[in-house]
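Subject: Structure handover, with notes on the salt bridges

Dear colleague,

Please find below the structure I promised to pass on to you. My notes come after it, and I would be glad if you read the two side by side.

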Amino acid sequence: MIESISNLWSIPLLVIIPMLTAIIVNFLYDKAIKPIAISSAIIILIISIISPYGYHWFCGHPALNPETLTFTFNPNIFGYKLSLEFIFGPLQHIMIFISSLILLFCVILSTIGLTKHQGPYIALLFLLFMSSAIVIMVNDLYHLWIAVEIGSLIVVGIAAASGTSISHKAALKYGLFSAISGAGLAVSLALVLGLTGFSNISDAIMYLKQFGIGEMSTVLYIAFGFFVLSWMYAGGLAPIHPLKSEVYGASYPHGTALLQAQSKLMLVAIGIIMLRLFGMLPFVKEVMIFLSVITMMIGVIMALIQIDFRWIIAYLIISHSGFVTLGIGLGTQEGLIGGIFQAVNDIIYMTILLLCCEALFYFGGKTSTKEAYDIAKKSPFIATATILGAIAASGIPPFNGFQSEIILIQACLKEGLPEIAVLILMVSVTTFIALLRGIYRIFLKPPELQDQDNSNVDLPKVLIIGIIIFIILSIIIGIYPDIVLRFIIPVVKEVLSI
Amino acid sequence: MTSTETFYEKLKKWLDNFITGSGYTNITTGYITGELQFLVFIIILSVFFRLFSVPLAIILLIFITAFALYFAPVIKDVEKENMNDLNRVLYWMVIYFAIIIAITLWGG
Amino acid sequence: MTEVTIQLLGFIAAAILIVVGMGGMLFLDNLIKKIIAFTLLSDGVNLLLVALAYREGGIVPILLPGMSIYDFTSRAILIFPAGIVLTNIVIGVSTTAILVALVIMLYRRYGTLKASVILKGERR
């Protein structure tokens, strides 16, 4: 990582531009919203591509070398930085790039699709991006907690925005739950702060490693428990999955694309922080693996028995979050690489499926498999894209899902856990079955009654371009996984070296 | 009455349990696939106990398989437990939280 | 025997508030009562943080003119929890506002505030 003492210019921009855009867009009328929102989404995308690597510090100083009494960035030298810290490194680069790409398409689609309350909704989308950008860049407990709290409030807002009574109920349930676990994360933060006295996570870890905590380790276990609670609700892991999947299913599909990207980013960021802070405690990794296995299983089984295509995808997103957390929970180099790579791939192929789901809205707005629609005849492109998305999601080469799942399976085998490798395979296969049920009913099965409505539906060009871009990304990453892996591997090595 | 018939009748009864509404639906196929998947999943999970002791894993495997087949179809119960009822989710969350804290405290 | 200090009393009060708040959120059926329980929970967390930063004879962590650095560092309280408490109050207010807004919307539709009626599970 390139280090510089001066703060990096791009980090505040990635936080402030979405915030400012949200404030401005919230007050504007229809015609002015579109250019401002789209142009700032493009600016964010450009910043995320061209930004160099570096830090942003709110206070504190580089570590002081005790021998020479000079400031140093060398992580091997023992010294506290005492800072609230944001980092923009390779991991942040790839993650923020992907989510800002999704943000761009979401914003354009919502300017086309929404007629009412466009401004506040787009403001919420920008704030959602902001919270996910903060959570992946952060290296102190304070901003982590703020990002998780803001993120969950925005999720509530986006779920409620689609305006049906189901979405209001989903939003209220998720809101009540986020109130509990947000307070839990604050308690956890207070406990770690009380034990170590440092809010910077690297400093706290260094303190724990250097001095140990002896009898006070009980406090650290309770902090871990509350941390897991917030991890579960941010990512929708096992006991929270009915609420989280309800949020996914009740929002607009393009909103869900951004929501799932945010929750994957949260899972990766909080998971890595948990591994670094609590990794040396016994049973921590086992708890993380247990949670992920249950999530994988329950998610995919619940996806099988759904009758609405949106809910099938919603439960599959939950199920595939289990892959990500499994990789992080394994805690080995392969596991971490597989988990983070899976998060990137998951965001991409689920976005393909969700954009196809958005396209179904233009064919009458029904996504239930109870009625057959024969949409393949009306739009062969959407049918093909959905099937390609399903293939990518079930980990079939040459798509990207395959590459990360194979790394995860190898990591499990190396750890001596062949059962989990079998489970991963089964979940992939079942994903295909669950998706194919929906695809067959909606796209391929001829309608029982003769369809009167044969008029051509004009899909927005942006939607088609978006689907094509994400399919191309999926294939490119599937054939050349090194494009993404070269961002992930150095980060993983750094995490494990601490 | 031959044994084949009774077995057939048993199987038919078992399958009838899944059917909601007018027999032929894609919901039924989903339920049956889900039931089989769940069975396989819990069998694999019971194998997991080999990490603690192999005999325990074998006993658990037999018991779990027998129970799952006896109480079939379990998928309806699984669905009910995974309902989006707020109180149910909170109940499960409390149980999870208690287990996680207990395991980590016990391990430490 | 642990000495009973203001800090310890603060921790005990915070624990009671957190437990009462959690219990209220889990077991009360009325949605408004659930939200009130959340505010108790949030106050409990605030009190925990404030008690954490307490220091016998501590001073506000602002370096005033004429104060020696040694005096300041030996007496100033931990600055960080104060910042968190301030943020937690803001977040608590906004969470409460959003929850109450949603409850109002659902009350208009269902005519009741019972969580067991409004938020009960349903087959999709």
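Predicted model: local features only at pLDDT ≥ 70, side-chain atom pairs only at ≥ 80, totals over all residues.

Residues are numbered from 1 along each chain as its sequence is written, chains are lettered from A and ligands numbered from 1 in the order in which they are written, and side-chain values use heavy atoms, with hydrogens and water left out.

Over all chains there are six salt bridges (a side-chain nitrogen of Lys or Arg within 4 Å of a carboxyl oxygen of Asp or Glu). One of them joins Glu246(A) to Lys173(A), at 3.5 Å from N to O. This pair links distant parts of chain A, 73 residues apart, with Glu246(A) in helix α9 (residues 241–250) and Lys173(A) in helix α6 (residues 165–196); helices here are DSSP runs of H or I with at least four residues, numbered from the N terminus.

Another salt bridge pairs Glu419(A) with Arg50(B), whose closest N and O atoms are 2.3 Å apart. Because Glu419(A) lies in helix α17 of chain A and Arg50(B) in the loop between α2 and α3 of chain B, this pair joins two chains. Glu419(A) is buried at 7% relative accessible area, whereas Arg50(B), at 30%, is partly exposed.

Best regards

Notes
Buried < 20%, exposed > 50% of the residue type's maximum accessible area, 1.4 Å probe, protein only.
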